[in-house]
Amino acid sequence: MTVAVATPFNMDEQAFLQTMDRLIERFDRYSSGRCFADLDRIRLEHDMEGPLSLFDDVVHELADDLFGGTSWPVNLDMGSYWIGSK
């Protein structure tokens, strides 16, 4: 018979909440109309077509720190590309 022994799980709630606050603050920067106006300006200045990444690497790193290999960071990656008109 196999005996399974669980090791204690210790979570640093304070660090989790602080990281969550940083992610929310960073994410909020991208939810304003100004963000989309900036993307349109960049597209026009550089004659760009196709998807542009909506979020920077910090957003992805924070999501990975918080949620690891779950679907949350993957969903954020999938939704991070915004295709605007030229």
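Before you click anything, one definition: axes here are lines fitted to C-alpha atoms, for helices over the stretch in contact, and angles run from 0 to 180 degrees between N-to-C directions. Keep in mind that this is a predicted model.

**Stop 1: two helices.** Select residues 13–29, which is helix H1, and residues 57–67, which is helix H3. Their axes lie 10 Å apart, and the helices pack at an angle of about 150°. Angles over 145 degrees count as roughly antiparallel, so that is what H1 is to H3. Look at how H1 passes H3: the crossing is left-handed.

**Stop 2: the contact.** Show side chains next. From H1, pick Phe16, Thr19, Met20, Arg22, Leu23 and Arg26. From H3, pick Val58, Val59, Leu62, Ala63, Asp65, Leu66 and Phe67. Colour this H1–H3 contact by class and you get nine nonpolar residues, three charged and one polar.

**Stop 3: Thr19.** Zoom in on Thr19, which sits in H1. Is Thr19 buried or exposed? Thr19 counts as buried because its relative accessibility is 16%, and the cut-off for buried is under 20%. Setting aside neighbours within four places in sequence, Thr19 is in contact with Leu62, Asp65 and Leu66.

**Stop 4: Leu23.** Now move to Leu23. Again leaving out neighbours within four places in sequence, Leu23 is in contact with Val59, Leu62, Ala63, Leu66 and Phe67.

**Stop 5: the core.** Finish by selecting Leu23 along with Tyr30, Cys35, Phe55, Val59, Leu62, Ala63, Leu66 and Leu76: these nine residues form the largest nonpolar core. Which helix gives this core its largest share? That's H3, with four residues. In soluble globular proteins, nonpolar side chains tend to be buried together.

How values were computed. Residues numbered from 1 in each chain as written. Predicted model: local features only at pLDDT ≥ 70, side-chain atom pairs only at ≥ 80, totals over all residues. Heavy atoms only, no water. Parallel < 35°, antiparallel > 145°, perpendicular 65-115°, else oblique. Left-handed = near helix turned anticlockwise from the far one by under 90°. Contact = heavy atoms within 4.5 Å. Nonpolar A, V, L, I, M, F, W, Y, C, P; charged D, E, K, R; others polar. Core = buried A, V, L, I, M, F, W, Y, C linked by side-chain atoms within 4.5 Å. Buried < 20%, exposed > 50% of the residue type's maximum accessible area, 1.4 Å probe, protein only.
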